[in-house]
Amino acid sequence: MELLSTNICFEGEHRRYRHASATLQCDMEFAVFLPPAALGEKAQPVPALYWLSGLTCTDQNFMQKAGAQKLAAKLGLAIVCPDTSPRGLNLPGEDESYDFGTGAGFYLNATEQPWAPHYRMHDYVVKELPQLVESELPLSAERAISGHSMGGHGALICALKNPGVYQSVSAFAPIANPMACPWGQKAFTGYLGPDQQAWEAWDATRLIPTAKERLPLLVDQGTSDEFLESQLNPEALAEVCETFHHHITLRMHRGYDHSYFFIASFIDDHLHHHARALGLV
């Protein structure tokens, strides 16, 4: 891990790192916020919230815009922010659109060429990155996961596909049913091929019925989100959760949009949700 930068923040420390990823076969950058409890002479390993960002984002968007560090510092909760895709691989078409390729890894393991060797963001987020940071930094193996939009989709599927790995999960405006929206259909076709049966392993609404672990879902959604009707479809997630008795708290917030103003308004609720599950409060 190469330390790129560091900033003191609410008596904790925000750090950016670069490392060579074996899973993605390229260099990756990520950010970590370490609360005061993880620093100094009396430092102890602390649990971590893994935050997955949305389309076009890097590790920096959430750390700079969400306003999570103040409460995370108080709770003793670390935050780990990976990037949203590999970068700079010079794959054909990787930079042609905002919703596929660079900045749009969709937190799945690609099976189609030329994406398959590199676009394995699911394994990177669930396996490689936690192993790395837990071995190199004062982080415990207690994990929570959350995210926004494409990252909200990522948080849901990471939790649903990996029972026992996370103690809690939440999402802001997730792409709840990617098989049924243009963003998801484009990404799944490109990364996974045309067989829609293969897509089902990466759609939260298709994973809920057979989930082996039923962590309560906290989902916040703005009613003025410009992508609500065309891309996000939270009603599909709520319906399948009700059918299969999977606890969900879906909160619709009048007038809020898809931006980080929305995330910043409700991030404290999500941090408390994860802190309770992690035994911090």
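Start with the largest pocket, which has a volume of about 180 Å³. A pocket here is an open set of points on a 1 Å grid over the protein atoms alone where a 1.4 Å probe fits, with protein on both sides within 12 Å along at least five of seven lines. Before going on: this is a predicted model, where local features need pLDDT of at least 70, side-chain atom pairs count only at pLDDT 80 or more, and totals for chains, interfaces and linings use all residues. Residues are numbered from 1 along each chain as its sequence is written, and side-chain values use heavy atoms, with hydrogens and water left out.

Now select the lining (residues with an atom within 4 Å of a point): among them are G54, Y98, H148, W183, F227 and H258. By class, the lining has six nonpolar, six polar and no charged residues.

Next, pick Y191. Its contacts (heavy atoms within 4.5 Å) include F100, F106, W115 and Y119, leaving out residues up to four places away in sequence.

Hop to Q221, in strand β8 (residues 217–222). Is Q221 buried or exposed? It's buried (under 20% relative accessible area), at 0%. The Q221 side chain makes a polar contact of 3.1 Å with that of D225; the cut-off for such a pair of N or O atoms, one able to donate a hydrogen and the other to accept it, is 3.5 Å.

Last stop: S265, in helix α10 (residues 260–277). Show its side chain and you'll find a polar atom 2.7 Å from the backbone oxygen of F261.

Conventions:
Grid points are joined across faces, edges and corners, and a volume is the space filled by probe spheres set on the points. Ala, Val, Leu, Ile, Met, Phe, Trp, Tyr, Cys and Pro count as nonpolar, Asp, Glu, Lys and Arg as charged, and the others, Gly among them, as polar. Helices (H or I, at least four residues) and strands (E, at least two) are DSSP runs, numbered from the N terminus. Buried means under 20% relative accessible area, exposed over 50%, partly exposed in between (1.4 Å probe, protein chains only).
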